Amino acid sequence: MTESGVQLFARLEARRCLKDIEPRLFPEDGGPDHGEVVELYGTEGTGKTELLYHLLCRCVLPVAAGGLEVDVVFVDTDYSLDMLRLVSILDSRLNAGTHTHAVASEGGSGSALPTSSPSVASDEAALRSCLARLLVVHCSSSSQLLLTLHFLETSLSTRPGLALLLIDSISAFYWLDRYEGGASIVKQEENLSKCAELLGRLLRDYRITVFATCHAIRRSYSGPSSSSSFSSSSSESDRPYLCRPWQRLVTHRLLCSRQEAANNMAAAAGGSKEQRRRQVFTVHCTTFSSSSRTKAYRSSSFCVTDGGVEFV
């Protein structure tokens with residue numbers, strides 16, 4: 001059945017805007033709007049995937065638990081998605097939301113509500129409901145990623161609640177594509193360029209929001225600098241290196257790093273759990289506005305706990 005213009009307009013209008021997905025990461029009024037792309041860039045071990053888990057949970061959680069209650073597609077190209085970790089974070093957030101609601105219902109009297117089997121069943125149902133809003137896809141090559149994006153169009157046209165696409169990571173096949181492309185830069189970047197062009201059309205037609213991680217690498221630049229919207233002079237590893245069609249899509253860039261302060265180093269000696277709790281990560285956000293040709297900046301810090309990301 002062909003979709004009419006009125007139906008198409010109604011469906012697109014129903015897709016939720018995610019500008020408020022995490023105000024502590026972005027400049028004021030600078031969160032990602034419909035059809036925008038956020039790149040989380042950094043070396044390994046700088047909290048990029050944990051930040052994705054945080055954003056994912058924020059989206060699939062019910063409104064009563066502080067979530068946005070929207071559907072999410074997670075494209076796992078690194079095969080590093082830890083479902084046990086994700087479920088643990090969701091469970092922690094749901095319990096925190098339930099506790100807050102219970103305290104509010106009691107009017108601050110301090111009386112504890114007894115735990116019962118119906119309550120446990122309700123918690124499990126809430127967790128299942130959150131996971132039902134998540135679609136996970138695994139890709140092992142840039143060709144599979146391209147096919148996945150084609151498949152995604154079907155999901156977008158049938159699920160108006162699908163508002164967020166997460167890719168971890170967009171750079172996973174960079175070295176493999178370079179090897180298979182030989183000496184030709186065009187061949188090396190062919191698949192990712194096609195992915196970026198298709199993604200650009202999906203962003204325009206379906207107005208979703210995209211978050212993608214990108215691993216930092218060291219690369220020598222002998223030629224002119226890239227024409228990307230974003231540039232960084234702090235170090236060679238901070239400079240964008242993926243194909244230009246992808247760089248043109250990016251509207252927000254989160255540069256993730258790990259603080260190496262003396263107190264963090266001392267805390268690391270206490271054991272792996274203690275290290276994960278006390279290690280502080282920093283995110284420097286650059287938002288580029290194509291309409292006003294201006295940039296906005298914001299820096300924030302967070303640590304990773306058993307219950308997920310906590311901003312400090």
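Reply: F302 is buried, with a relative accessible area of 0%. Here buried means under 20% relative accessible area, exposed means over 50%, and partly exposed lies in between, with a 1.4 Å probe and protein chains only. This is a predicted model, in which local features need pLDDT of at least 70 and side-chain atom pairs count only at pLDDT 80 or more, while totals for chains, interfaces and linings use all residues. Residues are numbered from 1 along each chain as its sequence is written, and side-chain values use heavy atoms, with hydrogens and water left out.

The structure holds six aromatic pairs. F302 is in one of them, with F281 as its partner: the ring centres are 5.4 Å apart, the planes are 25 degrees apart, and the pair is stacked. Rings of Phe, Tyr and Trp (its six-membered ring) pair if their centres lie within 6.5 Å; planes under 30 degrees apart count as stacked, over 60 as edge-to-face, and the rest as tilted. F281 lies in strand β7 (residues 280-289) and F302 in strand β8 (residues 294-305), so the pair ties together parts that are 21 residues apart in sequence. Helices (H or I, at least four residues) and strands (E, at least two) are DSSP runs, numbered from the N terminus. F281 is also buried, at 9% relative accessibility.

Both strands belong to an open sheet of nine strands with mixed pairing, in the order β3-β2-β4-β5-β1-β6-β7-β8-β9. Its edge strands, β3 (134-138) and β9 (308-311), each pair on one side only. From one strand to the next, the twist averages 25 degrees; axes are lines fitted to C-alpha atoms, for helices over the stretch in contact, and angles run from 0 to 180 degrees between N-to-C directions. Two strands pair if DSSP finds at least two bridges between them. β8 and β9 run antiparallel and are joined by four bridges. T305 stands opposite G308 in β9.

Other aromatic residues come next. Y41, Y174, W175 and Y241 form one aromatic cluster. R253 lies over the face of Y41, at 4.0 Å from the ring centre. A charge counts as over a ring if NZ of Lys or CZ of Arg is within 6 Å of the ring centre and within 35 degrees of the ring normal.

Now the helix α7. Its 22 residues (185-206) should span 32 Å at 1.5 Å a residue, and its end C-alpha atoms are 31 Å apart, which agrees. The expected span is 1.5 Å times one less than the number of residues. α7 has a kink of about 45 degrees centred on N191, where the bend is the angle between axes fitted to the seven residues ending there and the seven starting there. The buried residues of α7 include N191, L192 and Y206.

R207 follows α7 and has a positive phi, near 55 degrees. R207 sits in the loop between α7 and β5 (209-215) and is partly exposed, with a relative accessible area of 26%. Y79 also has a positive phi, near 55 degrees, and lies in the loop between β2 (71-76) and α3 (83-105). Most residues other than glycine have a negative phi, and most peptide bonds are trans. The peptide bond from D168 to S169 is cis, with omega near 5 degrees. S169 is in the loop between β4 (162-168) and α6 (174-181).
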